[in-house]
Amino acid sequence: MPLTFLTRDLCRHASPLFALLLLAFAAYWPTLRATWVYDDAEYVVTNPLVTGRPDPGAIFTSPYPPGHPDQHLYRPLVTLSFALDSWSLPPDVARGGGSARSPALPYFHLTNLLLHFAVGVVLYGLGLRLLAGAFPKAGSGDVVLAAWIAAALFTVHPVGTESVAWISGRAEILSAFWVLASLWCVLGTLPQRPPGGNLPHFAAAAGCFGLALLSKENAVMTPVLALIVLGMAGYDWKRQWRGLVPLYAMFAAVVAAYLAVRATIFAGIPMEETAFAGVTGTGMRLLIACKVLVRYLGLIATGWGQSVFHDVTVEPFLGVAALLVLIALGVAAFMLRRTQPWFLFGALFFFVALLPVSNLLFAIGAVMAERFLYLPLAGLALALAVLLAGQAPGFLRRMLPVMLIVLGLVTVRTMIRAGEWRDARRLWASAVEVYPRSFLPRAQLGFALKEEGRDMEAYAEFEKSMQLLRTQPEVFRQKFRPSIEVAMGQLGGRLAGQTDDPALRAIHALAKQGEYQKALLLYAAYKIQHPESISAHYGLADSYLRLSMFLEASREFLELTRRDPGNGLNHGKLGYCFIQINKPALARFHYQKAITLNAGDTVSLANLGLLEMREKNPALARVYFEQAIEKGPHIPDYRMNLAGALVELGEREKAAQELRTLLRLWPNHQAAAKMLATIEQKTRYR
């Protein structure tokens, strides 16, 4: 039976497994003090299936997470594991009242760590069984040592940090555990047993395969991985291929049942846009995927450049170069298949395990992520075990001190990387170090600093992010700019209203009391001493506006737009200043800039309409007023302005219709009623 097989393989290896446990805790103990980061709030804290009353029926019939069915993710085992951990949450969070600021207790991270150790244990057992089949004449000591070194390196490799340190990365761990367990059961069929003797192992393998699919979708490649592992273990395909027919019949039944459940859950729900939508075509997407595969190999080999976010640019030359590198590796693996079989085995396992998330078969929601390497890394670890076990007798014992030193250094590197996952600020600050010219890490760092109340630092990061965002494709600008602008607007208000500097706080208090003349002089003096103070700039500009000193205010807002060229609010205020000092061309430019940076800026649209009315362009004014009404139908003045433009165009009946619509919505609007009466009176006497 599979249970007997498991105990026979592992119960005699308590010392190696205890050493593996110590290594896992040494590498990942900083995660036990970590908070919620990245998407943890959505997947765990605010997930009603986790923090509400646990309902297994709902868990197994809901998308992952329940609020995003358009992602077409179905991972009930992951949600169930979170629900089982929810006993450790504070009462308010456990009742469904959690938020992104709720503390992350160590039990969630401890579960991730123990599951990661369990994956290492299964990998060790799988390595023992694989090497016993591949090297039947090798000494047992060499086999054990090779399998342990491979499992230990997998356990402490820094590439696994994202899956272990990120609570939501548990999907990778659970999926890999059940995939490797399924492969372990498959190898339990070796050596060949009497007819029917393999059925318990086949049933266990199919059951683990089903659990892997319920953990993450990439487990669908398990049947292919089973063939690769069996080939490496010396399975006699010519004589024994019929023996695998029952196993693959069970695999097919599991896939059919899984697809039927998915079809029921996601019926009629469209898939969300992929990461490549609006950025590049299919051909370039495939070249980018090749470049990412090569970068993955570099990450595994060196550990350099790890980040929660990876900036992958569209570079055709590098994509073609990466494709040639992959072809060369494939050719080398094929040519060395007899003398160095570990190379072909590792390449096949790595590529097949990574294929569902590689963007080669189809585009997914992420271009590159280190968590995708968790299961492929296990395959490379097995390939390393094969390589080490194939060396001359005594080689491993002589090299053991060197290998232990390497394991120690890798453990320290992983421990440092795990520390970067302790909170959102550390996590995104490390990403900024890797990609200083990328807008997204800086924006995320800004959000993290904003949550911590470090407003000045957050605003500075948002400014840099907006500058970098200007060079991105339009689809990215439309997706990310609004949320950054909203955050900057909130910070601008907070910075104008409060500061750690008592002197500036006193000036703000004067301005709030209406003492704008005094505040203006004090702001100007303060700015001379603190020229980098954004709060002082905003206060001075606002004081100029309040005192109708529009030329001076325009100079301040010009300085603010220089510092933050992506902030549409400042351009809108500049447009207003230039209208007041009779510079319509400059006003038009900055209003249009404000609308370009913030498509929802209805005030700038309406002001552009008023500007065109003043410039005797009622037809163009009409267009702007109609756009303002479309985006802000709750503001009555926009319909009033549109009615005025229609009157200028001689379309009095349409103007009257707009005013009647306005009065239906706002019956007490006296200006609209008066204007409608005037239009009707003129129409009667025509």
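View 1. Leu323 counts as partly exposed, because its relative accessibility is 32% (buried means under 20% relative accessible area, exposed over 50%, partly exposed in between, with a 1.4 Å probe and protein chains only). You will find Leu323 in helix α17, residues 316-335 (helices are DSSP runs of H or I with at least four residues, numbered from the N terminus). This is a predicted model, where local features need pLDDT of at least 70 and side-chain atom pairs count only at pLDDT 80 or more, while totals for chains, interfaces and linings use all residues. Residues are numbered from 1 along each chain as its sequence is written, and side-chain values use heavy atoms, leaving out hydrogens and water.

**View 2. A salt bridge between Asp542 and Arg546.** The closest N and O atoms of this pair are 3.5 Å apart (a salt bridge is a side-chain nitrogen of Lys or Arg within 4 Å of a carboxyl oxygen of Asp or Glu). Asp542 and Arg546 are four residues apart in helix α27 (residues 534-546), so about one helical turn separates them. Asp542 is partly exposed at 30% relative accessibility, whereas Arg546 is exposed at 52%.

**View 3. Glu612 meets Arg588 in a salt bridge.** Here the N to O distance is 2.7 Å. Glu612 lies in helix α31 (residues 602-614) and Arg588 in helix α30 (residues 584-597), so the pair ties together parts 24 residues apart in sequence. Glu612 is buried, at 1% relative accessibility, while Arg588 is partly exposed, at 22%.

**View 4. Glu653 and Arg660 form a salt bridge.** Their closest N and O atoms are 3.4 Å apart. Glu653 is partly exposed, with a relative accessible area of 46%, and Arg660 is partly exposed at 30% relative accessibility.

Technical notes
Helices (H or I, at least four residues) and strands (E, at least two) are DSSP runs, numbered from the N terminus.
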